[in-house]
Amino acid sequence: MSARETVRPPSTAAEATVPQLSRVPRRPHAWLWWVGASQLLVLAIWLAWGWPAGLPAMLVSHALVLVPVFRPRSRVYAPVLARLPVDDRRVWLTIDDGPSDDTVAILDLLDRHRAKATFFLVGERALARPDLVAAIAGRGHGIGNHSHTHPQAWFWALGPRRMRNEVLRAQDALTALCGQPPRWFRSVVGMTNPFVAAPLRDAGLTRVAWSARGYDAVRTDPAEVVALIERDLAPGAIVLLHEGAPHGRSVEMIDLLLQRLDALGYASVLPEALSGATVVPNGMAAGATRSSPAATLVGTAEGR
C-alpha cells in the first residue's frame, strides 16, 4: 500500500473497545478557516491604521499559528489524548523511539514488575528489527506509531506530502509486522503542525501526548529524571519515556521509575483495558485473530 493511500483498518469486535479515548481528527482542514480569517483581519487593521498597528497584529497572528505547533497538548491542529480517565492510581507508560538495543532489557524489567507499556515505534527501525517488534507484542505490550524516520529536527516544519509519508509509511510497516494497525500516534518531539491531522484521520489514529515526563532522553541522572516524573504523577497520567537514548542509561531510568511506582502504589494500564477488552493469556483480545507472529497485542494492542 502506498503511503499516500488512505489506510482504513478492518473492523473487528474490538473496534468499539476504546470509544471514549478516540481522538481521530474529523475536520483536519478546519484550521484553514481561522488562519485565513486572522490574515484578513490583519490586512484590515493595516489598511485602516497603517503599519504601527498592522505590524504588531501580523506578528501576533503568526505567533498564534506557530506556538501551538510546539505545545504537545495543544488541540489547535489535531485532537489529542493527554490523560486517561481513571480515578485510581493507574498510569499509562509510553516508551518512544524504539525498537533499540535496550528493548529486551526493558521488556524484562516490565515483566519483573508486572507492568505494561505502549512502545511508540519508528517505522524504519521496526522494519530493521522485526524480532524486537514481535517480542514487544508477544509479551502483551502495545505498539504505537511514532513516524517512519523520526525527523527530529524538522518534523515541526514538514509539508503535507512528507508528513503524510511519515505517518502512513510507519502505519503500513507496523501493520505488516504486527498484523494489526496501531491505534495511537505520537508526534516526533510532540510537535504537531497543521498537516498532521489529515493522515491521522485517514489511518484512524489518535494523537497521544503526555502529562508526566523527566526529559530522560537528554538528562543523564536517573534519580533526577524519576523525581521530575514523580512530581507530575497522578491517576491517569501518561508517562513519557524513551529507549536507546545516546547517554545509554534508559534501562536504568526505567528500572528506577518502576521501583518508585511500586513503592507509591501505582499500577500501569493500557488504554484498551479501560473499556473492558477481554484479554486471554496469550495477550490477544477475545475475538482477535492472529495474522502474524507479532499479532499478540493486549486488547488488540493498538489495533481495531
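This is a predicted model: local features need pLDDT of at least 70, side-chain atom pairs count only at pLDDT 80 or more; totals for chains, interfaces and linings use all residues.
**Helix α1**

Helix α1 runs through residues 31–49. At 1.5 Å a residue, its 19 residues should span 27 Å, and the end C-alpha atoms are 27 Å apart, so the two values agree. Five residue names make up its buried set: Trp 31, Val 35, Ser 38, Val 42 and Ile 45. They cover an arc of only 80° around the axis, which means that they sit on the same side of α1. Part of their cover comes from α2 (51–66). The face turned away from this buried side carries exposed residues, namely Trp 33, Leu 40, Leu 47 and Ala 48. Gly 50 follows α1, and its phi is positive, near 80°.

**Pockets**

The largest pocket has a volume of about 380 Å³. Its lining comprises 22 residues. Nearest its centre lie Asp 97, His 150, Gln 152, Ala 217 and His 242. Strands β1 (90–98) and β7 (238–242) each supply at least two residues of this lining.

The second largest pocket holds about 190 Å³ of space. It is lined by 13 residues. Arg 27, Ala 30, Tyr 77, Ala 78 and Pro 79 are the closest to its centre.

Note on methods
Residues are numbered from 1 along each chain as its sequence is written. Side-chain values use heavy atoms; hydrogens and water are left out. Helices (H or I, at least four residues) and strands (E, at least two) are DSSP runs, numbered from the N terminus. The expected span of a helix is 1.5 Å times one less than its number of residues. Buried means under 20% relative accessible area, exposed over 50%, partly exposed in between (1.4 Å probe, protein chains only). The arc is that of the directions from the helix axis to the C-beta atoms. Contact means heavy atoms within 4.5 Å. On a 1 Å grid over the protein atoms alone, a cavity is a set of points where a 1.4 Å probe fits but cannot get out, and a pocket is an open set with protein on both sides within 12 Å along at least five of seven lines; lining residues have an atom within 4 Å of a point. Grid points are joined across faces, edges and corners, and a volume is the space filled by probe spheres set on the points.
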